[in-house]
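The structure is shown first.

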Amino acid sequence: MGLLSKKDAALIKDPLFDNNPITIQVLGICSALAITAELKASIVMGLSVLFVLGMGNVVISLMRNIIPSKIRIIVQLVVVAALVIIVDQVLKAFAYELSKTLSVFVGLIITNCIIMGRFEAFALGNGPWKAFLDGIGNAGGYAIILVIIGFFRELLGSGTLLGFQVLGDPIAKTGVYALGYENNGFMLLSPMALIVVGLIIWVQRARNPKLQESH
Amino acid sequence: MSLKNKLHLLKEKYSDKKYAPAFNALHTFLYTPNETTHSGAHVRAVDDLKRTMNTVITALIPILIFSFFNAGYQHYSAINGFPSDFSVLEHFLTLDNFLVGLVTILPLVVISYGVGLGVEFLFAVIKGHEVEEGYLVTGMLVPLIIPVDTPLWMLAIAVIFGVVIGKEVFGGTGMNILNPALTIRAFLFFSYPTWMSGDKVWVHQAVERAGTADAISGETILGSLAQGADYSYSVSDMFFGFIPGSVGETSTFLILLGGLFLIFTKIGSWRIMLSAVIGALVMGLIFNGVVDAGWIHSSSKFYHLMSLPYWQHLIVGGLAFGIVYMATDPVTAAQTEKGKWYYGFLIGFISVMIRVFNPAYPEGVFLAILLMNVFAPTIDHYVVRGNVKRRLKRTKKSIANLETV
């Protein structure tokens with residue numbers, strides 16, 4: 001990438017794969033299990049976190065020298081709450097159905113450990129440009145996993161992708177349903193999302209043994 | 001050259017190759033190998049893992065054969081009506097009945113073993129360890145705890161899931177937290193609920209005939225009770241197993257014989273079986289007591305299940321099968337003798353509780369056992385801690401005694 005120096009590029013690339021917030025740091029699992037039954041919800045959730053974390057990191061980074069360290073958590077909460085309310089209102093205005101699907105989980109972005117974690121660990125100690133890249137990278141890593149989980153859960157659980165019946169019509173018995181295939185109801189339940197996360201972790205660590213913890 | 005020698009040569013030939021574990025498994029499954037350990041101290045015992053597994057399978061064979069007949073009996077009775085002058089020889093042990101079982105249940109067994117052992121072989125080859133015998137019993141249990149018409153592809157997927165997620169990710173046989181057979185059943189239950197409950201799945205062909213003029217159905221006793229409906233089975237039908245239900249769970253009589261066989265051969269823990277029966281009876285008695293005391297109105301949806309005589313909980317549904325063959329799984333059960341009492345008691349207790357209180361799950365024994373599987377290590381932990389504490393106290397006391405003397 002000519003646009004970014006090698007160090008800056010690593011800020012984005014690392015959390016996308018080898019230091020992924022969900023599969024390596026195991027943060028943000030709660031929302032990854034709760035809202036990934038549909039691909040659309042996963043994508044919107046990923047974008048929301050991308051916005052909140054990207055902007056929040058920049059804001060915190062700009063304020064990092066004037067925040068008294070004793071009250072920094074409260075300041076961070078105010079920043080993230082403000083951004084989440086913006087996201088929530090935009091969703092309610094332009095995608096009401098979707099915001100109902102996501103329900104409390106948009107509001108719960110505030111408590112997403114990835115966000116507070118990046119504020120604490122990165123934005124408080126780095127300049128705004130670097131903090132922005134870090135925020136985009138981490139939120140991107142979160143979003144990628146969400147989309148992967150959402151893809152498999154919607155495809156296998158409902159037989160649809162983004163609402164389109166890609167496997168045929170289960171009621172009229174067309175497509176693969178004509179062969180006797182049936183949707184897997186377990187995929188729509190949260191426990192299966194956890195198992196899918198586990199499988200992703202398994203695949204990732206099997207492909208890159210460096211990520212395996214020694215014990 | 002005998003088959004044994006051929007297998008041995010084959011094994012030698014592939015000994016350094018990638019597929020060595022597969023050939024080793026084939027050889028040692030059929031014969032005892034000639035090789036012996038030469039150095040180090042070792043114990044010679046005949047009750048190895050394979051022998052243990054085979055004993056359980058032996059105890060399951062009568063149930064499997066019975067289930068063949070019962071599949072046919074339920075099928076033809078649903079079509080022609082139950083015979084009014086039922087005689088075992090005339091109406092039950094007939095070739096027609098057996099053939100129905102053969103075409104419906106045998107494929108389940110074949111798929112269960114084929115897919116399950118396939119996954120085991122695959123993992124042995126990839127991980128480079130020997131094939132473990134762990135699937136032998138699971139493969140036989142799985143067809144016995146699912147409805148007779150379960151589509152084979154669903155079973156295959158569930159078996160892959162159960163073996164990989166339920167067992168292999170934990171490190172294979174002996175390391176699993178959850179009973180693999182029940183993991184497979186739980187997967188099927190939550191994935192394809194329409195194939196695992198309702199009044200269409202327990203009788204062969206009921207699903208495909210649904211909606212036609214030849215429609216047939218057969219609801220389990222628990223299912224009927226959950227809906228407050230009547231059923232026409234006598235207590236002896238329930239005990240000997242001439243009732244609809246999962247393939248092998250119906251005959252409490254044969255399960256009892258199998259249980260005694262397991263206790264006699266010291267394979268199954270009598271403590272778990274006995275305490276689970278006590279647990280179920282206690283919960284049943286509590287429910288009966290609630291009904292007798294008039295605390296529950298007869299229009300309540302729990303009334304019918306609660307008023308089922310407490311001892312009948314043992315002979316309807318899969319409770320007996322679960323207690324004898326699943327709860328006693330030595331890997332996932334509590335290991336301490338005292339812990340086994342708690343473990344078993346809670347399985348019986350919770351099974352009946354789920355049965356009565358959760359209308360979505362007319363049968364609760366598989367959920368109760370899976371739950372207790374998770375708690376088994378905790379139970380053991382506290383039993384061991386309690387032991388340590390007691391002994392410490394005893395030591396302190398005796399030291400104090402010495403000092404006073």
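## Helix packing and contacts

Helix H8(A) passes H9(A) in a right-handed crossing (right-handed if the near helix is turned clockwise from the far one by less than a right angle, left-handed if anticlockwise). The model is predicted: local features need pLDDT of at least 70 and side-chain atom pairs count only at pLDDT 80 or more, while totals for chains, interfaces and linings use all residues. Residues are numbered from 1 along each chain as its sequence is written, and chains are lettered from A and ligands numbered from 1 in the order in which they are written. Helices are DSSP runs (H or I, at least four residues) numbered from the N terminus.

On the side of H8(A), the contact is made by A:Ile145, A:Ile148, A:Ile149, A:Phe152 and A:Arg153, and on the side of H9(A) by A:Ala193, A:Val196, A:Val197 and A:Ile200. Contact here refers to C-beta atoms, placed from the backbone, that lie within 7 Å. By class, these residues are eight nonpolar, no polar and one charged. Ala, Val, Leu, Ile, Met, Phe, Trp, Tyr, Cys and Pro count as nonpolar, Asp, Glu, Lys and Arg as charged, and the others, Gly among them, as polar.

The table lists the angle and axis distance for two helix pairs. Axes are lines fitted to C-alpha atoms, for helices over the stretch in contact, and angles run from 0 to 180 degrees between N-to-C directions.

| Helix pair | Angle | Axis distance |
|---|---|---|
| H8 (residues 128-158) and H9 (residues 190-207) of chain A | about 120° | 10 Å |
| H5 (residues 95-127) and H7 (residues 152-166) of chain B | about 35° | 9 Å |

The crossing of H5(B) and H7(B) is right-handed. The contact of H5(B) with H7(B) has 12 nonpolar, two polar and one charged residues. B:Val119 lies in H5(B) and touches B:Ile160, B:Val163 and B:Val164, leaving out residues up to four places away in sequence. B:Val119 counts as partly exposed, with 19 C-beta neighbours inside 10 Å (20 or more other C-beta atoms within 10 Å make a residue buried, 12 or fewer exposed, and numbers in between partly exposed).

In chain B, the axes of helix H17 (residues 337-357) and helix H18 (residues 365-404) come within 9 Å and cross at roughly 155°. That makes H17(B) roughly antiparallel to H18(B), a term for angles over 145 degrees. H17(B) passes H18(B) in a right-handed crossing, and by class their contact has 15 nonpolar, two polar and two charged residues.

## Core, chain contact and a loop residue

The largest nonpolar core has 146 residues, and those that touch the most other members are A:Val52, B:Leu188, B:Ala276, B:Ile323, B:Tyr343, B:Ile347 and B:Ile369. Such a core is a set of buried Ala, Val, Leu, Ile, Met, Phe, Trp, Tyr and Cys residues joined through C-beta atoms within 7 Å. Not counting residues up to four places away in sequence, B:Ile347 touches residues including B:Ala276, B:Ile323 and B:Ile369.

Seven residues of chain B are in contact with seven residues of chain A. Helix H8 (residues 180-191) of chain B gives the largest share of the chain B side, three residues. By class, that side has six nonpolar, one polar and no charged residues.

B:Trp311 is found in the loop between helix H15 (303-306) and helix H16 (319-326) of chain B. B:Trp311 is partly exposed, with 14 other C-beta atoms within 10 Å.

How values were computed
Helix = DSSP H or I, 4+ residues; strand = E, 2+ residues; numbered from the N terminus. Parallel < 35°, antiparallel > 145°, perpendicular 65-115°, else oblique. Contact = placed C-beta atoms within 7 Å.
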